[in-house]
Amino acid sequence: MNEDMRSPHPEQPPPGAVPPRAAAPEAASRAAAWADPAPLGLAGFALTTLLLSIINTNLLKETAGILPVLGLALFYGGLAQFAAGLMEFRRGNTFGATAFVSFAAFWLSYWWIAPRVALAGDAHNALGLFLLGWAIFTAYMTIGALRVSLPVLAVFVLLTLTFLFLAIGSFQGGAGHVMTEVGGWFGILTGLAAWYASAAGVINAAHGRTVVPLGSLPGRAEPGERVRHDERSGRSV
């Protein structure tokens with residue numbers, strides 16, 4: 001070993017080295033400084049989904065009704081959700097990062113595609129394939145949601161059905177088809193479930209306790225149980 005890399009006192013670490021036991025609490029402290037981005041991502045997804053789904057049900061018949069959806073798709077469902085996904089990467093949450101960044105990309109692509117389809121003409125089969133691809137993605141993400149919470153699981157189950165019915169409606173001609181309207185109703189339920197999950201995250205964090213229940217899933221420990229287990233094992237969360 002090069003003599004320059006050795007400490008003159010064997011019992012002391014080399015200059016600049018971080019003792020192993022000191023590094024873990026420091027990393028945990030940095031991670032704790034990051035707020036939970038999930039409520040933001042869920043809120044952006046919820047409102048954008050709700051407004052578009054109301055249009056898909058044909059309840060709102062205004063010719064320019066798509067404009068507020070495009071605004072939300074760019075800024076709230078798109079950019080805000082993308083930021084939430086990046087924060088989930090920083091927190092080490094693979095599921096949350098994949099979900100939020102992917103659905104942010106969905107809304108940004110919708111913002112780009114929707115007005116151009118209106119100008120370019122019929123593309124119902126291509127849009128059907130687009131929606132079917134998202135149905136497949138959401139279906140396998142639903143398996144991951146089994147380890148998150150009951151409201152999030154409900155969001156992914158309902159969203160899978162939403163994409164599936166919208167894809168079928170698009171293959172059958174697009175807007176105005178009964179399958180598109182059914183997809184719109186499932187989209188409304190999806191948005192409401194996402195809003196509930198977002199509200200629970202914000203309210204429970206603000207109060208420091210469970211005010212809005214999230215339910216429980218088989219095989220998933222509740223937060224209090226995880227903390228007690230980690231205390232016994234000597235690990236920090």
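Helices α2 (38-56), α4 (94-120), α5 and α6 each contribute at least two residues to the lining of the second largest pocket. Helices here are DSSP runs of H or I with at least four residues, numbered from the N terminus. The structure is a predicted model, in which local features need pLDDT of at least 70 and side-chain atom pairs count only at pLDDT 80 or more, whereas totals for chains, interfaces and linings use all residues. Residues are numbered from 1 along each chain as its sequence is written, and side-chain values use heavy atoms, with hydrogens and water left out.

The lining of this pocket comprises 36 residues, and L52, N56, Y110, L127 and A175 lie nearest the centre. Helix α4 provides the largest share of the lining, seven residues. The space in the second largest pocket amounts to about 950 Å³. A pocket is an open set of points on a 1 Å grid over the protein atoms alone, where a 1.4 Å probe fits, with protein on both sides within 12 Å along at least five of seven lines; lining residues have an atom within 4 Å of a point. The volume is the space filled by probe spheres set on the points, which are joined across faces, edges and corners.

Helices α5 (124-145) and α6 (150-171) each also supply at least two residues of a nonpolar patch. This surface patch consists of L129, L132, I136, Y140, I143, L146, L164 and I168, with about 750 Å² of accessible area together. Its members have over 30% relative accessible area and no salt bridge, and nonpolar side chains (Val, Leu, Ile, Met, Phe, Trp, Tyr) are joined within 5 Å. Areas come from the Shrake-Rupley method with a 1.4 Å probe, and for residues only the protein chains shown count as cover. The largest share, five residues, belongs to α5.

L146 sits in the loop between α5 and α6. L146 is partly exposed because its relative accessible area is 42%; buried means under 20%, exposed over 50%, and partly exposed in between (1.4 Å probe, protein chains only). T142, in helix α5, is by contrast buried, at 12%. Beyond its neighbours within four places in sequence, T142 is in contact (heavy atoms within 4.5 Å) with L153, F156, V157 and T160.

One salt bridge is found in the whole structure, where the term requires a side-chain nitrogen of Lys or Arg within 4 Å of a carboxyl oxygen of Asp or Glu. The partners are E88 and R91, with the closest N and O atoms 3.9 Å apart. Both residues lie in helix α3 (residues 66-91), three residues apart, about one turn of the helix. E88 is buried at 2% relative accessibility, whereas R91 is partly exposed at 38%.

How values were computed: Patches are made of residues with over 30% relative accessible area and no salt bridge: like charges are joined within 9 Å, nonpolar side chains (Val, Leu, Ile, Met, Phe, Trp, Tyr) within 5 Å.
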